[in-house]
Amino acid sequence: MKYRFGSLKMQNLDNIQALWAREMPQLDTATMALIGRLQIAHKHMTLAMSKTFRRYGLSEAGFDVLATLRRSGPPYRLTPNQLLAQMLVTSGSMTSRLNQLQKQQLITRSQDQQDKRICWVQLTEQGLSLSKEVIQAHVETQQALLAGLSREQHQQLLSGLQAYLQQAGLE
């Protein structure tokens, strides 16, 4: 999987770092190099995963809803608030996601029989079937994206990112 992001390539990062070293030698640009590479990796991975979702007629947002409902287990239903809590998106964007998935007949929305204030979002049979396929394809895409890393490199990267996220209060 090779993707290009305009003229942004790894050697450009090295060149930018060298230019800063010439212009301002006292400037420690090691962080620029690392963050730049993380940004390129993120764009590369996002593009590959989005391509997988599009093969199934989904956006990343739509996939996120289907995957959240699927991992909730039978009967594969949650309230919009439960979805919001697991997905960390705004209620406005959630409504848009749900409208699109309902239009595609991948989910249904219905009122609770005992408490009419509660609305349930549930996978349809079609949504359940599609979710199985797209989740498998998504995992295969993720595996392909990381196939070039040894088990040790994978673990080092994971440990480093976990340490960063913990330090930043994000994990």
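The model is predicted. Six residues form a nonpolar patch on its surface: Leu34, Ile35, Leu38, Leu149, Leu157 and Leu161. Together they have about 500 Å² of accessible area.

**The nonpolar patch**
- Helix 2 (30-55) and helix 7 (151-167) are the elements that give two or more residues to the patch.
- Helix 2 gives the most, with three residues.
- Leu149 sits in the loop between helix 6 (125-146) and helix 7.
- Leu149 counts as partly exposed because its relative accessibility is 33%, which lies between the cut-offs of 20% and 50%.

**Helix 2**
- Helix 2 has 26 residues, and at 1.5 Å a residue it should span 38 Å.
- Just after helix 2, Gly57 takes a positive phi of about 75 degrees.

**The loop between helix 3 and strand 1**
- Pro75 lies in this loop, between helix 3 (60-71) and strand 1 (77-78).
- The peptide bond from Pro74 to Pro75 is cis, with omega near 5 degrees.
- Tyr76 lies in the loop too.
- Its phi is near 55 degrees, a positive value in a residue other than glycine.
- Tyr76 counts as buried because its relative accessibility is 18%, and buried means under 20%.

**The loop between helix 5 and strand 2**
- Gln105 lies between helix 5 (91-103) and strand 2 (107-111).
- Phi of Gln105 is positive, near 60 degrees, and this residue is not glycine.
- At 53% relative accessibility, Gln105 counts as exposed, since exposed means over 50%.

Technical notes:
Residues are numbered from 1 along each chain as its sequence is written. This is a predicted model: local features need pLDDT of at least 70, side-chain atom pairs count only at pLDDT 80 or more; totals for chains, interfaces and linings use all residues. Side-chain values use heavy atoms; hydrogens and water are left out. Patches are made of residues with over 30% relative accessible area and no salt bridge: like charges are joined within 9 Å, nonpolar side chains (Val, Leu, Ile, Met, Phe, Trp, Tyr) within 5 Å. Accessible areas come from the Shrake-Rupley method with a 1.4 Å probe; for residues, only the protein chains shown count as cover. A salt bridge is a side-chain nitrogen of Lys or Arg within 4 Å of a carboxyl oxygen of Asp or Glu. Helices (H or I, at least four residues) and strands (E, at least two) are DSSP runs, numbered from the N terminus. Buried means under 20% relative accessible area, exposed over 50%, partly exposed in between (1.4 Å probe, protein chains only). The expected span of a helix is 1.5 Å times one less than its number of residues.
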